[in-house]
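Hi,

Here is the structure I promised to pass on.

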Amino acid sequence: MFAAIYRWHVRPEMDAAFRRTWHARTEKIRVARGSYGSRLYREPDGTYCAIALWPSREAWEATEPCLPDDENDARLFDASIAERLPVMTLDLIDDLWAVS
């Protein structure tokens, strides 16, 4: 298993749009590209953090197939972000994360 950790500073006036489009796009990625989904967190300073799980690094790196009906969501998601922080990638060594 492989994980990618994303972090963003979001424009305050677009917080709801960010969360809505993050959710919609994450579902599209899960269905279209086979991710295992993602969890979205907010740090105490307001920074958002998402941990996305994938079967492999190769699956995460794939850009096909294109996400269905994603142009508007992609534009809105990008517009809601004030700053993208560097992505961290991790290869799983041991898994004790309980399934909810």
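Contact, as I use it below, means heavy atoms within 4.5 Å. Helices (H or I, at least four residues) and strands (E, at least two) are DSSP runs, numbered from the N terminus. Keep in mind that this is a predicted model, where local features need pLDDT of at least 70 and side-chain atom pairs count only at pLDDT 80 or more, while totals for chains, interfaces and linings use all residues. Residues are numbered from 1 along each chain as its sequence is written, and side-chain values use heavy atoms, with hydrogens and water left out.

Let's start with helix α3, residues 71-80. Buried here means under 20% relative accessible area, exposed over 50%, and partly exposed in between (1.4 Å probe, protein chains only). Asp-73, Ala-74, Phe-77 and Ser-80 of α3 are buried. They sit on the same side of the helix because they cover an arc of only 130 degrees around the axis, taking the directions from the helix axis to the C-beta atoms. The face turned away from that side carries exposed Glu-71, Asn-72 and Arg-75. And what covers the buried residues? The cover includes β1 (2-10), α1 (15-33) and β4 (81-91).

Phe-77 also belongs to the largest nonpolar core, eight residues in all, with Trp-8, Val-10, Phe-18, Trp-22, Tyr-48, Ala-50 and Ile-81. By nonpolar core I mean a set of buried Ala, Val, Leu, Ile, Met, Phe, Trp, Tyr and Cys residues joined through side-chain atoms within 4.5 Å. β1, α1 and β3 (48-54) are the elements that give two or more residues to this core. There is a second, separate core of five residues, including Phe-2, Ala-4, Ala-52 and Ala-59. Leaving out residues up to four places away in sequence, Val-10 touches Asp-15, Phe-18, Tyr-48, Ser-80, Ile-81 and Ala-82.

Then there is the loop between α2 (57-61) and α3, where you'll find Pro-65. A cis peptide bond joins Pro-65 to Glu-64, with omega about 0 degrees. Asp-69 is in the loop between α2 and α3 too, and its phi is near 50 degrees, a positive value in a residue other than glycine. Asp-69 counts as exposed because its relative accessibility is 70%. For context, most residues other than glycine have a negative phi, and most peptide bonds are trans.

Last item: Met-1 lies in the segment before β1, and it counts as partly exposed because its relative accessibility is 41%.

Cheers
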